[in-house]
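The sequence and structure are shown here.

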Amino acid sequence: MKALRFHEYGSPDVLRYEDTARPEPAPGEVLIEVAATSFNPVDAAIRAGLLRQVFPVALPHVPGIDVAGTVVRLGAGATGRVAGDQVVGFLPMLLDGAAAEFVAVPAALLAPAPTTIPLTEAAALPATALTAWQALFEHAGLRPGQRVLVNGAGGGVGGFAVQLAKGAGAFVIATAGPRSTEAVRADGADQLVDHTVTGPAEALTEPVDVVLNLVGAPEARMAELTALTRPGGVVVSTASPAIADPARGVRALGMQLRADADQLTSLAKKVDAGELHVRVTASHPLSQAAMVHEHSAVGLISGKVVLTPTD
């Protein structure tokens with residue numbers, strides 16, 4: 001089969017679209033024919049070797065932590081799936097990913113794919129939607145009527161976060177740049193802050209209950225986000241470390257994403273119910289993945305880039 005792999009850490013030039021053996025599903029796994037994977041910034045960080053202490057992948061390594069595809073074969077003891085099922089999943093960081101024609105995946109990590117969007121587009125759902133859901137509802141405990149600031153709402157996680165928070169009955173304030181303003185407004189933001197013109201500290205007239213920070217920022221800017229949070233509130237960050245304020249009871253939490261097939265099933269159902277929109281920025285064949293990695297910022301603008309195994 002064809003797969004995208006890197007044999008050493010480095011720039012996007014280390015990526016090779018090459019022939020390799022098709023994986024065999026181990027006990028408890030299923031073999032998936034991949035419809036698409038998606039680009040996430042963490043893919044570029046792992047490839048560059050920036051996360052080798054946290055995610056020491058075996059080389060050569062196939063990237064791609066998101067998968068959408070069709071089950072073609074079950075390993076011994078695998079349950080809950082049958083051949084022909086269309087599925088989505090968030091894959092373990094240390095194992096070979098879905099940037100290939102086939103991937104072997106633990107069956108327990110998979111959820112039924114949404115049926116109202118193309119299977120290739122469904123690959124944009126798992127990692128980003130799970131991040132948004134867990135950050136808002138598990139980490140922050142967001143409740144109806146609360147005010148939430150999504151700092152960096154123009155990216156894939158931010159788009160889902162705005163939609164999910166709005167759907168939960170929150171008042172949503174979102175920072176975004178000019179390229180993603182219309183998309184974020186369509187996602188349901190109640191108030192938009194153009195970060196190229198002003199910061200949230202200048203734009204907000206009253207505090208928020210929850211801050212979800214999705215961008216790298218200096219310590220001073222992170223402190224400003226904490227100052228915008230009302231007593232007893234929480235700052236959750238997927239990027240720069242959040243800063244707590246114990247005197248006012250403001251908590252600071254770093255985002256730790258985990259696979260959860262039940263949550264992913266619920267998110268897919270929201271897509272089919274029209275309650276959650278999946279936005280794909282661009283689609284490229286795997287053979288062009290080096291270009292996507294080279295211009296990785298595109299993966300942060302108003303959606304996700306999906307990568308398909310066929311040219």
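What follows covers a helix contact, a cavity and a pocket in this predicted model.

## Contact of α3 with α8

Helix α3 spans residues 126-139 and helix α8 spans residues 261-272. Their axes come within 10 Å and cross at roughly 105 degrees. Angles of 65 to 115 degrees count as roughly perpendicular, so α3 is roughly perpendicular to α8.

On the α3 side, the residues in contact are Pro 126, Ala 129, Leu 130, Trp 133, Gln 134 and Glu 138. In α8 they meet Gln 263, Leu 264, Leu 267 and Lys 270. Sorted by class, this contact has 6 nonpolar, 2 polar and 2 charged residues.

## Largest cavity

The structure has 3 cavities of 30 Å³ or more. The largest cavity holds about 80 Å³ of space. It is lined by 15 residues, and those closest to its centre are His 61, Pro 63, Gly 64, Ile 65 and Met 93.

Helix α1 (residues 41-48) gives the most to this lining, with 3 residues. The lining of the largest cavity comprises 9 nonpolar, 3 polar and 3 charged residues.

## Second largest pocket

The second largest pocket contains about 210 Å³ of space. Among its 17 lining residues, Pro 23, Val 62, Asp 96, Gly 97 and Val 103 are the closest to the centre.

Strand β6 (residues 102-106) supplies the largest share of the lining of this pocket, 4 residues. By class, the lining of the second largest pocket has 13 nonpolar, 2 polar and 2 charged residues.

Definitions and conventions
Residues are numbered from 1 along each chain as its sequence is written. This is a predicted model: local features need pLDDT of at least 70, side-chain atom pairs count only at pLDDT 80 or more; totals for chains, interfaces and linings use all residues. Side-chain values use heavy atoms; hydrogens and water are left out. Axes are lines fitted to C-alpha atoms, for helices over the stretch in contact, and angles run from 0 to 180 degrees between N-to-C directions. Helices (H or I, at least four residues) and strands (E, at least two) are DSSP runs, numbered from the N terminus. Angles under 35 degrees count as roughly parallel, over 145 as roughly antiparallel, 65 to 115 as roughly perpendicular and the rest as oblique. Contact means heavy atoms within 4.5 Å. Ala, Val, Leu, Ile, Met, Phe, Trp, Tyr, Cys and Pro count as nonpolar, Asp, Glu, Lys and Arg as charged, and the others, Gly among them, as polar. On a 1 Å grid over the protein atoms alone, a cavity is a set of points where a 1.4 Å probe fits but cannot get out, and a pocket is an open set with protein on both sides within 12 Å along at least five of seven lines; lining residues have an atom within 4 Å of a point. Grid points are joined across faces, edges and corners, and a volume is the space filled by probe spheres set on the points.
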